[in-house]
Amino acid sequence: MATQTPRFSTNDVTVVFFLGGPGSGKGTQSANLVRDYGFVHLSAGDLLRAEQIREGSQYGAMIKEYITEGKIVPMEVTVALLSNAMADSLANRPPPPGTKARFLIDGFPRKLDQAVFFESSVCPSELVLFLDCPEEVMEKRLLKRGETSGRDDDNEESIRKRFRTFVETSMPVVEDFEKKGKVVQVKATGTVEEVYEQVRAGIEARGLHPVKA
């Protein structure tokens, strides 16, 4: 079998996978990282939700069916959407000359085979940023969010299911990258500011510095 060459080179782009259980605070911290470090934030979940309602989408109906049944969408589809979103961003908002584009990929990879497939076909990652948060803290946050979010999965039963899924499928990803020395692990239990200070320290120790305005 011919070896596949990734679509993007690590000379041109920096990819950081951003993982954490539901309610660990990824959305809030992503916004901070975009603001200070020039990341382009790509959420696999948002891309899938947008694609299922996009006029003329070849994947829309299938994505809808998988999401409705609570199944993980085939990784080829998710990876294709992420890859195309990266290409669109590079075409429309290229980074300043002499710098690399930075992509923060949120909530992906959900499983180890997705990580392998993405790195072989799209781009090897620089590191995994992992927000480590106790289950009871995440549950409290999500139930609070559920009061106003209108998301039908912000209820106790769905939240527990999402925790189980995260532990069973996503923790092996964190453990695998840990073995490769590519994980920045942050305790996500303090205030937003305290957690962000740890995030900053962790990624700057890996050579990712703020972008000058």
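Predicted model: local features only at pLDDT ≥ 70, side-chain atom pairs only at ≥ 80, totals over all residues.
**View 1. Five strands form an open sheet.**
The strand order is E2-E3-E1-E4-E5, and the pairing is parallel. E2 and E5 (residues 183-187) stand at the edges. Each has a single partner strand, so one side of each is left without a neighbour in the sheet. From one strand to the next, the twist averages 20 degrees.

**View 2. Strand E3 is largely enclosed by the rest of the structure, because 6 of its 6 residues are buried.**
Follow the side chains along E3. Ala101, Phe103 and Ile105 point one way. Arg102, Leu104 and Asp106 point the other way. Both sets are buried.

**View 3. E3 pairs with E1 and with E2.**
E1 and E3 are joined in the parallel sense over 6 bridges. Here Val15 has Phe103 as its bridge partner in E3. E2 and E3 also run parallel, with 5 bridges between them. Leu42 stands opposite Ile105, and Ser43 has Asp106 as its bridge partner. E2 itself is mostly covered, with 4 of its 5 residues buried.

**View 4. E1 pairs with E4, and helices pack on the sheet.**
E1 and E4 are linked in the parallel sense by 5 bridges. Phe18 stands opposite Leu129 in E4. Helix H4 (residues 75-92) lies across E1, E2 and E3. H4 runs at about 150 degrees to E3. Helix H8 packs on the sheet too, where H8 touches E2, E4 and E5. The direction of H8 makes about 160 degrees with that of E5.

**View 5. The largest nonpolar core has 28 residues.**
In soluble globular proteins, nonpolar side chains tend to be buried together. Which residues of this core touch the most other members? They are Met86, Ile105 and Phe118. E1, E2, H4, E3, H5 (residues 112-121), E4 and H7 (residues 156-179) each supply at least two residues. H7 gives the most, with 5 residues.

**View 6. Ile105 touches residues from several parts of the chain.**
Leave out residues up to four places away in sequence. The contacts of Ile105 are then Val15, Val16, Phe17, Phe18, Leu42, Leu82, Met86 and Phe118.

**View 7. Helix H1 spans residues 26-37.**
H1 has 12 residues. From its first C-alpha to its last, H1 reaches 15 Å, close to the 16 Å expected at 1.5 Å a residue. Its buried residues are Lys26, Gln29, Ser30, Asn32, Leu33, Asp36 and Tyr37. They cover an arc of only 165 degrees around the axis, which puts them on the same side of H1. What covers these buried residues includes strands E1 (13-20), E2 (39-43), E3 (101-106) and E4 (127-132), as well as helix H8 (192-204).

Conventions
Residues numbered from 1 in each chain as written. Heavy atoms only, no water. Expected span 1.5 Å × (residues − 1). Buried < 20%, exposed > 50% of the residue type's maximum accessible area, 1.4 Å probe, protein only. Arc of directions from axis to C-beta. Contact = heavy atoms within 4.5 Å. Pairing = 2+ DSSP bridges. Core = buried A, V, L, I, M, F, W, Y, C linked by side-chain atoms within 4.5 Å. Axes fitted to C-alpha atoms, helices over the stretch in contact; angles between N-to-C directions.
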